[in-house]
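Let's take a friendly walk through a protein model, one step at a time. Keep the picture in view and look for each residue as its name comes up.

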Amino acid sequence: FNGEMENAYLVYLNEMSKREMSGMEEHLKSYLTDNYITINQKHVKPFSIRSYHKFICSTNNLQPKTSTEASRRDWYINIPNTLVGDTQYFMNIRKFIESDDAIGTLYKYLKELDIENFENEPYPKAEYQLELEQDSRKPIELWTEEYVKEMLDNEDNEHYSMSYPTYRNLIPHAYNFIKNN
């Protein structure tokens with residue numbers, strides 16, 4: 001049942017984990033990409049609404065969900081634990097956010113932001129997201145990449161000399177070959 005989504009814009013998923021997301025990623029993807037969602041409430045006939053929903057997830061899990069280089073719908077930010085218990089820090093942030101000057105400055109910035117080529121801008125990735133992408137790779141893929149790197153680094157063997165783009169193209173083929181043989 002998802003009746004609470006009928007009047008929601010911002011949807012908060014608390015304590016997301018890779019285990020809980022297993023098998024649910026396609027369902028979540030449809031929430032993120034579909035223009036309409038079906039609202040199912042108890043004892044009420046299901047109906048469709050236009051979806052403008054935005055999702056925010058938080059977790060203490062090191063691997064919230066599988067992240068790959070192709071994950072363009074996810075944006076991960078790691079907030080360090082060094083600020084846990086620093087109430088003054090968070091009180092200062094709250095005071096700043098509640099300030100009319102801060103809201104006005106943000107509004108002015110967003111109004112003046114050039115978004116003409118926004119669709120062509122590269123998708124930003126934090127260092128943490130790149131680490132998650134590495135951690136989500138299959139062991140055989142990592143081994144294949146390391147093996148090919150060793151072969152390329154072997155100066156005694158001219159046969160393995162190749163360009164970096166050729167090397168990047170070789171990785172999936174080598175991975176598939178090893179996996180299937």
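Seven salt bridges are found in this structure, which is a predicted model. For a pair to count, a side-chain nitrogen of Lys or Arg has to be within 4 Å of a carboxyl oxygen of Asp or Glu. Keep that cut-off in mind as we visit some of the pairs.

Start with Arg94 and Glu98. Their closest N and O atoms are 2.9 Å apart, and the two residues form a salt bridge. Both Glu98 and Arg94 are exposed, so you can look for this pair at the surface, given that exposed means over 50% relative accessible area.

Next, find helix α4, which covers residues 100-112. Lys108 and Glu112 both belong to this helix and sit four residues apart, about one turn of the helix. Their side chains meet in a salt bridge, with 3.9 Å from N to O. Glu112 has a relative accessible area of 57%, and because the cut-off for exposed is over 50%, Glu112 counts as exposed.

Now move along to Arg137 and Glu141. What is the distance between the closest N and O atoms of this salt bridge? They are 3.3 Å apart. Arg137 has a relative accessible area of 15%, and since buried means under 20%, Arg137 is buried. Glu141 has 23% and is therefore partly exposed.

Salt bridges can also be linked to one another. In this model, Glu25, Lys65 and Asp74 are joined in a network of them.

Let's turn to the backbone. Most residues other than glycine have a negative phi. Which way does Glu15 go, positive or negative? Phi of Glu15 is positive, near 55 degrees. Glu15 is found in the loop between β1 (10-14) and α1 (18-21), and with a relative accessible area of 34% this residue is partly exposed. His43 also has a positive phi, in this case near 60 degrees. You can find His43 in the loop between β2 (36-39) and β3 (47-50). The relative accessible area of His43 is 84%, so this residue is exposed.

How many helices and strands does the protein have? There are seven helices and four strands.

What about the overall dimensions? The C-alpha trace spans about 65 × 45 × 40 Å along its principal axes. The radius of gyration of the protein is 23 Å, whereas a compact globule of 181 residues would have one near 16 Å.

Finally, consider the surface and the contacts. Buried residues account for 19% of the 181 residues. The protein exposes about 15,000 Å², and 54% of that area comes from carbon and sulfur atoms. Among contacts with a separation of 6 or more, 68% are between residues 24 or more positions apart.

Notes:
Residues are numbered from 1 along each chain as its sequence is written. This is a predicted model: local features need pLDDT of at least 70, side-chain atom pairs count only at pLDDT 80 or more; totals for chains, interfaces and linings use all residues. Side-chain values use heavy atoms; hydrogens and water are left out. Helices (H or I, at least four residues) and strands (E, at least two) are DSSP runs, numbered from the N terminus. The radius of gyration is taken over C-alpha atoms; the globule rule is 2.2 Å times the number of residues to the power 0.38. Buried means under 20% relative accessible area, exposed over 50%, partly exposed in between (1.4 Å probe, protein chains only). Contact means heavy atoms within 4.5 Å. Accessible areas come from the Shrake-Rupley method with a 1.4 Å probe; for residues, only the protein chains shown count as cover.
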